[in-house]
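Subject: Structure for your review

Dear colleague,

Please find below the structure that I am handing over to you. I would ask you to open it beside this message and to follow the description step by step.

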Amino acid sequence: MKIGIVCYPTFGGSGVVATELGLELSKRGHEVHFITYNQPVRLELLSNNVHYHEVNVPEYPLFLYQPYELALSSKLVDMVKLHDIEILHVHYAIPHAYAGYMAKKMLQEEGIYVPIVTTLHGTDITLVGSHPFYKPAVTFSINKSDAVTTVSQSLKDDTLRLFDIKKEINVVPNFIDLDKYNHTFTDCQRGMMAKENEKIITHISNLRKVKRAQDVISVFNNIQKKIPAKLMLIGEGPEREKIEWQCMQLGILDKVIFFGKSNEIDKILCFSDLFLLPSETESFGLAALEAMASGVPVISTNTGGLPEVNIEGYSGFLSNVGDVEDMTKNALHILSDSHRLQAFKNNAREQATKFDLHKIVPLYESIYEDTLSKCLML
Ligand code: GMT
């Protein structure tokens, strides 16, 4: 198949999932075209089967806001015609599903029919999409998609609760390339980050409010009072300064390593003992899955899709949002006994195998095939 993928090219989970999906589809013999405003961060290698087309939005002083949707839908029309793209898979409803629909209608005028598969990732629904200003456009573009997927049952339930959706929604969870986590690093460089007796706690996110990074610092602060520990913080975002201040006020700056944006999270995870994800909401929690694939147990909240990923008392523990005391208790329970820690590490790795990309990517392929065959019948 010739597949066009539209996504955000940044470090966010939706862009990562879209990029990893495209790369795996190309390995499975499909021709994949990424269409976005920057080369996706995890798209390092372009091959015969993987192409990247940049959407440019010329600056024009008359416009207070540059019309990205317009540029994207025009680019989609051009790329479909130029490369005979058969299906467009748009990740994140805003504005991709909307731009996809516009492209589809323009192409129809020329007798070209390209179905749109929309994947909802989370904040497009739970935070942004349900805003009254966006709601009509998001509802419309979901209902006009030829197929719709969500990354968890919880996000499906939220979508049906918040929007008037007439379309069937398929749940296709986030996935992980286990080979990447199993084989790459045999010699984790733990010694460079912490002393032998220190436990390594890790958090990865874009440090937006929804991630509750201050809870990460509070839980870590409680842990390090009982057990020698270091905190690895990976990611950049609007809350960074606040949490640096928090660390300074608590007197733990020397125990916290800020990595910023990193493409080497698997290297950092391989020497981690525990992963913290105290998010306000999380449609799936790809970061938790990446940690588990590295054999790192997860202390998370119990919101959104997290209970579908992290299993209470097995791969980690789940607490109510903001319950720092419970998260601390659970973290200490896991870390304080080396046999228990090892059992949780093994379980975390085992739990991650449920989301092996070899199991999940074929689900997307069969959605493409069904969608295309339904289109042929029209
Ligand atoms: O979590 C973020 O801030 C990034 C966000 C995104 O849209 O890129 O991630 C969302 O999509 C990921 C991939 O499907 C999910 O694993 C994340 O849970 C989800 N984030 C939220 O729901 C907050």
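Among the secondary-structure elements, helix 1 (residues 13–27) gives the most to the shell around the ligand, contributing 3 residues. Please bear in mind throughout that this is a predicted model.

The ligand and its surroundings

In total, 19 residues surround the ligand, and the closest of them are His121, Asn206, Arg208, Lys211 and Glu282. By class, the shell consists of 5 nonpolar, 11 polar and 3 charged residues. Both domain 1 (2–175 + 357–376) and domain 2 (178–355) supply at least three residues to this shell.

In the side chain of Lys211, an N or O atom is 2.6 Å from an oxygen atom of the ligand. For Glu282, a polar side-chain atom lies 2.7 Å from a ligand oxygen atom. Gly285 takes part through its backbone, where an N or O atom lies 2.9 Å from an oxygen atom of the ligand. The ligand on its own has 480 Å² of accessible area, and the protein covers 95% of that area.

The two domains

The domain assignment divides the protein chain into domain 1 (2–175 + 357–376) and domain 2 (178–355). Their contact takes 25 residues from domain 1 and 20 residues from domain 2. The C-alpha centres of the two domains lie 30 Å apart.

Thr371 and Ala147

Thr371 has its place in helix 15 (residues 357–377), while Ala147 is found in strand 6 (residues 147–150). Is Thr371 buried or exposed? Thr371 is buried, because its relative accessible area is 5%, and buried means under 20%. Ala147 also counts as buried, at 7% relative accessibility.

Leaving aside neighbours within four places in sequence, Thr371 is in contact with Ile87, Pro115, Val117, Asp146 and Ala147. With the corresponding neighbours left aside, Ala147 is in contact with Ile116, Val117, Thr118, Ile367 and Thr371.

Backbone features to inspect

Most residues other than glycine have a negative phi, and most peptide bonds are trans. With that in mind, please look at the following places.

- Tyr92 has a positive phi, near 85°, although Tyr92 is not a glycine. Tyr92 lies in the loop between strand 4 (87–91) and helix 3, and is buried, with a relative accessible area of 13%.
- Leu207, likewise a residue other than glycine, has a positive phi near 45°. The loop that holds Leu207 runs between strand 8 (199–204) and helix 8 (213–226). Leu207 counts as buried, at 2% relative accessibility.
- Ile94 and Pro95 are joined by a cis peptide bond, with omega about -10°. Pro95 lies in helix 3 (residues 93–109).

Yours sincerely,
A colleague

Note on methods: Residues are numbered from 1 along each chain as its sequence is written. This is a predicted model: local features need pLDDT of at least 70, side-chain atom pairs count only at pLDDT 80 or more; totals for chains, interfaces and linings use all residues. Side-chain values use heavy atoms; hydrogens and water are left out. A residue is near a molecule or strand if one of its heavy atoms lies within 4 Å of it. A polar contact is a pair of N or O atoms within 3.5 Å; within protein, one must be able to donate a hydrogen and the other to accept it, and residues adjacent in sequence count only if both atoms are side-chain atoms. Accessible areas come from the Shrake-Rupley method with a 1.4 Å probe; for residues, only the protein chains shown count as cover. Helices (H or I, at least four residues) and strands (E, at least two) are DSSP runs, numbered from the N terminus. Ala, Val, Leu, Ile, Met, Phe, Trp, Tyr, Cys and Pro count as nonpolar, Asp, Glu, Lys and Arg as charged, and the others, Gly among them, as polar. Domain bounds come from an automatic or database domain assignment. Buried means under 20% relative accessible area, exposed over 50%, partly exposed in between (1.4 Å probe, protein chains only). Contact means heavy atoms within 4.5 Å.
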